[in-house]
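This report walks through one protein model, from its aromatic rings to its sheet and its cores. Please keep the sequence and the structure in view while reading.

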Amino acid sequence: WYPSAPPTSESMRHIEKTLGLRIPAIYADLARVAPNYGVWFGSIGPDFDSHNHILRLNEAFHRGDDEFAPLPPSFILVNHGHDGNCDCWNLDEQVDGEHPIYHVNVERHSAPRLLATTFLAYWKDHT
């Protein structure tokens, strides 16, 4: 269900250019050493056609559907639940070179809630 290839320099450049943000190094490091990182996060490898790729996930969640509202353009999905819960980088903010991560619910339309100012802090909350 969660196929995810390890990132390459080329896949990282393509993703960063497409999404308009710099993927934190700790995310790339995690993806290189943990083959199951796709259980938590979208793939950042060269498997661009995977349904679990960060680019495909962002396309789907920014498009929305009959059940879910689209994500606002400034929010880039990093992790999603299957009930409208999305954890996203907020491109409108930056703290020490990173975009903070917010929780957004596209089903309930609640206000975004800050989860962490860095990917490392966000990841530590998952372990």
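## Aromatic rings

Phe-119 counts as buried because its relative accessibility is 0%, where buried means under 20% relative accessible area, exposed over 50% and partly exposed in between, with a 1.4 Å probe and protein chains only. Tyr-27 is likewise buried, with a relative accessible area of 0%. The model is a predicted one, in which residues are numbered from 1 along each chain as its sequence is written, and in which local features need pLDDT of at least 70. Side-chain atom pairs count only at pLDDT 80 or more, while totals for chains, interfaces and linings use all residues, and side-chain values use heavy atoms, with hydrogens and water left out.

Rings of Phe, Tyr and Trp (its six-membered ring) pair if their centres lie within 6.5 Å, and planes under 30 degrees apart count as stacked, over 60 as edge-to-face and the rest as tilted. By this rule there are ten aromatic pairs. The ring centres of Tyr-27 and Phe-119 are 4.9 Å apart and their planes stand at 10°, so this pair is stacked. Because Tyr-27 lies in helix 2 and Phe-119 in helix 4, the pair ties together parts that are 92 residues apart in sequence; helices (H or I, at least four residues) and strands (E, at least two) are DSSP runs, numbered from the N terminus. Phe-41 and Trp-123 form a tilted pair, with 5.7 Å from centre to centre and 55° between the planes. Tyr-27, Trp-40, Phe-41, Trp-89, Phe-119, Tyr-122 and Trp-123 together form one aromatic cluster.

Four strands form an open sheet in the order 1-2-3-4, with antiparallel pairing, where two strands pair if DSSP finds at least two bridges between them. The edge strands, each of which pairs on one side only, are strand 1 and strand 4 (113-116).

Strand 1 and strand 2 are joined in the antiparallel sense over five bridges, and Ile-76 has Trp-89 of strand 2 as its bridge partner. Five bridges also join strand 2 to strand 3, again antiparallel, and Cys-86 stands opposite Val-104 in strand 3. Five of the six residues of strand 2 are buried, so this strand is largely enclosed by the rest of the structure.

## Helix 3 and the cores

Which residues of helix 3 are buried? In this helix (residues 54-63) they are Ile-54, Leu-55, Leu-57, Asn-58 and Phe-61. They cover an arc of only 160° around the axis, which puts them on the same side of helix 3; the arc is that of the directions from the helix axis to the C-beta atoms. These buried residues pack against helix 1 (9-19), helix 2 (25-33), strand 1 (75-80) and strand 2 (85-90), contact meaning heavy atoms within 4.5 Å.

A nonpolar core is a set of buried Ala, Val, Leu, Ile, Met, Phe, Trp, Tyr and Cys residues joined through side-chain atoms within 4.5 Å. The largest such core has 23 residues, and those with the most contacts inside it are Tyr-27, Phe-41, Ile-44, Ile-54, Val-78, Trp-89 and Phe-119. Helix 1, helix 2, helix 3, strand 1 and helix 4 (119-126) are the elements that give two or more residues to this core, and the largest share, four residues, comes from helix 2. Apart from this core lies another, of eleven residues, among them Phe-61, Leu-71, Leu-77 and Val-106.
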